[in-house]
Amino acid sequence: MSRNSEPGTRPERPVALVTGASGGLGQALALELDALGCRVAVHYNSSEAAAHAVREKLSNDSAVVTGDVGSWDAVTAMYAKIGERLGPVDVLVNNGAIRKDALMAMQSPTDWQQVIQTNLIGSFHTARVSVPYMLRQRWGRIINVVSPSGLIATAGQTAYSASKAGLIGLTRTLAAECGRRGVTVNALSPGFMITGMTENLPGHVIEGMEGKAPIPRFVTVEEVARSAALFLDQDCMTGQVISIDSGVSIT
């Protein structure tokens with residue numbers, strides 16, 4: 001191995017930013033990273049009380065931060081606050097996302113653009129502000145939460161699917177750019193879960209979704225969050241999409 005490709009040392013207590021950490025999967029990821037020794041910045045956009053409730057469950061130093069990830073100015077301000085409270089970000093989890101489903105022929109252009117702005121451009125913003133420090137210290141982890149919708153077609157989800165497919169492309173290309181300096185970039189693709197995005201779906205819809213998968217049940221947020229240890233520990237896994245989805249992405 002050449003000196004230029006030698007990774008740095010994993011920080012003893014990495015600082016982890018989890019966007020959308022006030023929701024179901026975000027909370028589970030924050031708790032898992034805390035259990036792995038990270039100091040977690042719990043991000044929220046609108047659910048302040050829920051974000052503070054998550055922070056109260058954490059054992060290590062932590063902070064609650066807010067900001068619209070779709071805004072570059074808001075993200076740079078948020079990153080500065082995390083630096084003041086915890087230090088530079090070593091582990092970035094891009095979990096924050098919105099979904100506004102509709103058939104394209106009837107969808108508002110504004111709604112379509114908002115999904116792309118939050119899910120894809122927002123992930124660019126947080127990665128762009130975090131990567132320079134990770135490259136300098138020669139160690140970093142970026143985990144982009146994607147979706148089976150980025151891999152398979154689902155009618156009514158052109159915006160959401162495009163945002164997640166774009167994020168998979170961003171993941172792979174950024175991984176190629178950062179690998180020589182010890183920074184890994186991977187995507188986590190959860191299957192159907194009961195979270196804020198799905199909890200109001202009718203029962204027959206949930207049953208139909210469960211029935212599509214080889215393992216006919218929803219995955220839990222805790223099952224998905226346990227993958228955080230793999231992402232942190234593996235120095236040679238990068239540019240990958242790890243699916244924890246009951247097999248729905250292979251159907």
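User: What makes Leu29 a residue in contact with Val18?

Analyst: Contact means that heavy atoms lie within 4.5 Å. Leaving aside neighbours within four places in sequence, Leu29 is in contact with Val18, Val93, Asn95, Val145, Leu188 and Ala225. The model is predicted: local features need pLDDT of at least 70, side-chain atom pairs count only at pLDDT 80 or more, and totals for chains, interfaces and linings use all residues. Residues are numbered from 1 along each chain as its sequence is written, and side-chain values use heavy atoms, with hydrogens and water left out.

User: What makes a set of residues a nonpolar core, and which residues have the most contacts inside the largest one?

Analyst: The set must consist of buried Ala, Val, Leu, Ile, Met, Phe, Trp, Tyr and Cys residues joined through side-chain atoms within 4.5 Å. Buried means under 20% relative accessible area, exposed over 50%, and partly exposed in between (1.4 Å probe, protein chains only). The largest such core has 31 residues, and Leu29, Leu33, Val40, Val42 and Val93 have the most contacts inside it. Elements that each supply at least two of its residues include α1 (24–35), β2 (39–44) and β4 (91–94). The largest share, five residues, comes from α1. Another core, of 23 residues, lies apart from it and has Leu17, Ile82, Leu86 and Val183 among its members.

User: Why is Val115 called buried?

Analyst: Val115 has 0% relative accessibility, so it counts as buried. This residue is found in helix α4 (residues 109–137); helices (H or I, at least four residues) and strands (E, at least two) are DSSP runs, numbered from the N terminus. Beyond its neighbours within four places in sequence, Val115 contacts Ile98, Lys100, Leu120, Ala159, Tyr160 and Ser163. The C-alpha atoms of Val115 and Ile98 are 6.0 Å apart, although 17 residues separate the two along the chain.

User: Why is the pair of Phe192 and Phe218 called tilted?

Analyst: Rings of Phe, Tyr and Trp (its six-membered ring) pair if their centres lie within 6.5 Å; planes under 30 degrees apart count as stacked, over 60 as edge-to-face and the rest as tilted. Phe192 and Phe218 are 5.8 Å apart centre to centre, with 35 degrees between the planes, so the pair is tilted. Phe192 lies in the loop between β6 (183–190) and α6 (203–211) and Phe218 in the loop between α6 and α7, so the pair ties together parts 26 residues apart in sequence. Phe192 is partly exposed at 28% relative accessibility, whereas Phe218 is buried at 8%.
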